[in-house]
Amino acid sequence: METQNITLLSFKIQDDLFAVDALQVDHILELPPIITAVPNTPHYMKGIINLHGNIIPVADMRLIMDKEVQDKRSDASIIVLNPSNIQDARIGILVDVVEEVIETKKEALKETITEGKKGLIEHFEGTLVFNEDFVHVINIAHLCEIIEK
Amino acid sequence: MIDKFRAKFVEESTDNVHDLEEALFLLEKDMDNKELIERIFRAMHSLKGGGAMFGFNHLSEFTHHLETIFDWVRTNKLKVTTDLITLTFSAIDQIKFLLKTGDLSAAEDLNAQQNFIQRLQAFLSGEGSTGPSGAAASQTAAAPEESDEKTYLISFIPQKELLQNGTNPLYLLDDIHALGQALTLAYTHKVPSLDLIDAEANYCLWQILVSTAESINEIKDVFIFVEDECELHIDQVAGRNILQDKEVLEKTEKAVKNSTLLTVEDFKLENQAPVAGPAPQTEEKKKAAIKEHKISSIRVSSHKIDELVTLVSELVTLQAQLSLYAENTQDATMLSMSENVQKLSRQLRENAFDISLIPLQSELMRFQRLVRDLSKDQGKDIDFVIEGGDLELDKNIIENLTDPLLHILRNSIDHGIEVPEDRIKAGKAPKGNILFKAFYSGANVIIEISDDGKGIDAELIRQKAIAKGLIESDAALTEKEVLDLIFVSGFSTREVVSDVSGRGVGMDVVKRKLANIRGEVSIESEKGKGTLISITLPMTLSIIDGLLVGVGENQYVIPISAIDKLYALQPEQLKQSFNQVVVIDNEQYPYIDLRKVFKVSDAEDREQLQMIMVKAEDRLTGLLVDAVIGEYQTVVKPLGRYLKKQEILSGASIMGDGTIALVIDTTRLLQKQKNRK
Amino acid sequence: MLTEIKNQFYNDTLETLISIQEALSETPPEGEEERNMVERVFTVSHQISGTGPMLGFDNSALLSRKLERTFYEIRSGKRTLTAQLLTQTQRTIQNLLEVLQKEQGE
């Protein structure tokens, strides 16, 4: 029981790699042709989409992380998160590219040292070295909290 | 796993507590009603038992003491008094608390609990001083027809195979006899002639009349392990012991002799004859009705219903896409199929929404409690009458309705109904009346709360509003307009309340909360005569008739119920306007440009404009949109927690082609616009 | 081989049932004790229902299924263990013992 397996889903924002707990991922969607903008909401809220008859709000991770928004986003995807400990809290996050599913041990996570600010995100769950890259693991509850503010 | 059972226990116990409260209310009016006492006892008993089983130890301990009290009551050791009822009411509150919190840990909670238990015990030692001896006396004194014995007719018709598994039916009959006085009728007419007999088969059947104070479940338990191998009927045939009745004995003899089984109908006469009094018959009927109701309904978690409604909405959306597609193909088969699907899904939708409606009844207990407690506290005598409690509403509406209603009722009691002396002085009956009335009116539900209290002095409200700077001192307002001022935020601050009408307390909050569920509230009052508050509600939240309009790139839905008229405008008409006022048919109307509200760039000139007149607070305001697309019935879905900050949209709707339209909350939109000014 | 298993099962079950029967004839259990009792009756009836048919104890299994079902309900809080139920349980276990013996003899 000492070593706890974790499954992560990694994705790219600009040049950095991030990941979230894969068990809390509901869907991965291609960028739909229309995201209905909702007026008078924070700038990072892209709008809402129709997912099998449910309304899912979508937040742009680039804007949350204070990055420039690029025009061409052919690989962009929406990761629909379903936070396990919050009710009715499904939310889509718009990312540049979804990378892969990583199976690892919890111990492999090291304390995150971020070079430069990551926008609204104040802290990470940890950082993993994977294929000679740093993958910062985002705490979904924390992310939801930010978006909800 | 255990948690699931705990949750289930809490849910069921909440029903139990509800039942307890209801029975207690009835008991207060009819203090000698044995059935009610029994009902209360049973509810406490199951709370105690379940509590222990699911780890609610404090709850179990607490109800144990209460149960003891009501055990004394039901065995005539203790009389029902108003004090006892009041004590039990507060005990119920404690039970609710314990159900909510589980076992207590905070020292002060534990102390409070201990004190309460001491009060319960004191009640037993104090009140029960007539004591066990006196009790014994009263028990013997009690006439047999007053005891809580009932007579049941048990028909036990085993299959031939009964004996194969070693079951000895005689044991079962013994066990029934152990429950009380019993009379067993053995029917042997099915036993074949000797040469045909199978030694291992059973050919007998039995009927037993048993008079017992035990419940029907206790009797059923006797047969629990043979129920697969027999036909079993257990029916109550009399509310007392009828085994001595001559008529009954005659009937049983005849039944055995003729080999014709007794039926419940055979006892109809006895049922009507008893010396007990006039009431029980209707009581019995009512009980029967309640029982039937229980069997014909099932418990489903609200989560499942929400899911069903979501799925149905999805189906409706898909069906809209299908008909769109079918129309494009112009294929006759396709069209007729699509039409059928449409019919079916419409019915299904209506059904699903019907399921999500719950009766208002479920909340009424709280209102009765409030009236009872407050009127006792304030020394007021109030007759609280409820009409239309069986009316059904969307559960989300009911959830949001309770607080405002409680608030209105509280105001009626605190500031409406006078104390008896004052009422007599005013030439009224000393007992005040509050009427709670709910009824359907078209697609709406109307709830009225009226009282015959002191009413509201419009003049005082007017003066206060002037003092507060809410109206000009020479404003010509009708009385109704003056009364409506109490719904304006800023009017009903506490200081105003205490010295003026009192009615203002938080009425702006009430109005706002009701607006959340698309409800509207209005008030009528006559000084000295009373007050009527009327609430109009939609029957369901999730579906609306809406007008689909275009603003910029987005589509929006405006509820039809809010719309008065539509006008097509020429851009010139606006250019002439100033100060956000437009002149149509020689009338001036204020208007709101939705492009501005939704921050759509105004770059290209609009060729055509549509003005939608919406009504709010008896005034018309125009909403300027780019295009009117059409009328739709749509399912409104919530925008969810992340978008709750924006205020003027009440949800989103998925259109037939899968795109999303946003639903505008006109009330809030106008409110916000007004506040900005 | 099968006979051996059958004998083993028969002896074990008999022993368990008899010890339950003894416990039941004492004062009615309460609280923790009651929970234990419910668990014991459920477990043994579950075993008979499950393994019985494989070894030819068909009637025993039929009978024990009733116990199993009832005690499952008690266990999950859908039914309370009343005094009456205890009495009927005693009777049924007695039956079960007899049927088991009969089937073992066959």
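Begin in this predicted model with helix 2 and helix 3 of chain C, where helix 2 of chain C passes helix 3 of chain C in a left-handed crossing. Select residues 31–51 of chain C for helix 2 and residues 58–75 of chain C for helix 3, and the two axes can be followed to within 8 Å of each other, crossing at roughly 145°. To see the side chains involved, display from helix 2 of chain C residues including C:Val38, C:Val41, C:Phe42 and C:Ile48, and from helix 3 of chain C residues including C:Ala61, C:Leu67, C:Phe71 and C:Ile74. The contact also takes in C:Glu39 and C:His46 of helix 2 of chain C, and C:Arg65, C:Glu68 and C:Arg75 are among the residues that helix 3 of chain C brings to it. Coloured by residue class, the residues of this contact divide into 9 nonpolar, 5 polar and 4 charged.

Next, show chain B alongside chain C. The contact between the two chains takes 24 residues from chain C and 22 residues from chain B, and together the chains bury about 2000 Å², 48% of it on carbon and sulfur atoms. On the chain C side, select C:Lys66, C:Gln84 and C:Arg91, which lose the most area to chain B and together make up 30% of what that side buries.

Continue to helix 14 (residues 361–377) of chain B and helix 15 (residues 395–416) of chain B, which pack at an angle of about 20° with their axes 10 Å apart. That angle makes helix 14 of chain B roughly parallel to helix 15 of chain B, and the crossing of these two helices is right-handed. Residues to display in helix 14 of chain B include B:Phe367, B:Leu370, B:Val371 and B:Leu374, and among those they meet as a group in helix 15 of chain B are B:Ile398, B:Leu405, B:Leu406, B:Leu409 and B:Ile413. By class, the residues of the contact divide into 9 nonpolar, 2 polar and 5 charged.

Further along chain B, select B:Ala568, which lies in strand 14 (residues 563–569) of chain B. Leaving aside its neighbours within four places in sequence, B:Ala568 is in contact with B:Gln573, B:Gln608, B:Leu609 and B:Gln610. A C-alpha to C-alpha distance drawn from B:Ala568 to B:Val625 spans 10.0 Å, while the two residues are 57 residues apart in sequence.

Bring chain A into view for the other contact of this tour, in which 24 residues of chain B are in contact with 27 residues of chain A. The area buried between chain B and chain A is about 2100 Å², of which carbon and sulfur atoms give 61%. In chain B, select B:Arg641, B:Tyr642 and B:Ile660, which lose the most area to chain A, together 37% of what that side buries.

Finally, colour the model by pLDDT. For chain B the mean is 78, and 86% of its residues reach 70 or more. Over residues 128–146 of chain B the pLDDT is below 50, and this stretch has 12 contacts beyond near neighbours in sequence. Residues 270–295 of chain B also stay under 50, with 17 contacts beyond four places in sequence.

Terms used
Residues are numbered from 1 along each chain as its sequence is written. Chains are lettered from A and ligands numbered from 1 in the order in which they are written. This is a predicted model: local features need pLDDT of at least 70, side-chain atom pairs count only at pLDDT 80 or more; totals for chains, interfaces and linings use all residues. Side-chain values use heavy atoms; hydrogens and water are left out. pLDDT is the predictor's confidence in each residue, from 0 to 100. Contact means heavy atoms within 4.5 Å. Buried area is the accessible area (1.4 Å probe) that two parts lose on being put together, summed over both. Helices (H or I, at least four residues) and strands (E, at least two) are DSSP runs, numbered from the N terminus. Axes are lines fitted to C-alpha atoms, for helices over the stretch in contact, and angles run from 0 to 180 degrees between N-to-C directions. A crossing is left-handed if the near helix is turned anticlockwise from the far one by less than a right angle, and right-handed if clockwise. Ala, Val, Leu, Ile, Met, Phe, Trp, Tyr, Cys and Pro count as nonpolar, Asp, Glu, Lys and Arg as charged, and the others, Gly among them, as polar. Angles under 35 degrees count as roughly parallel, over 145 as roughly antiparallel, 65 to 115 as roughly perpendicular and the rest as oblique.
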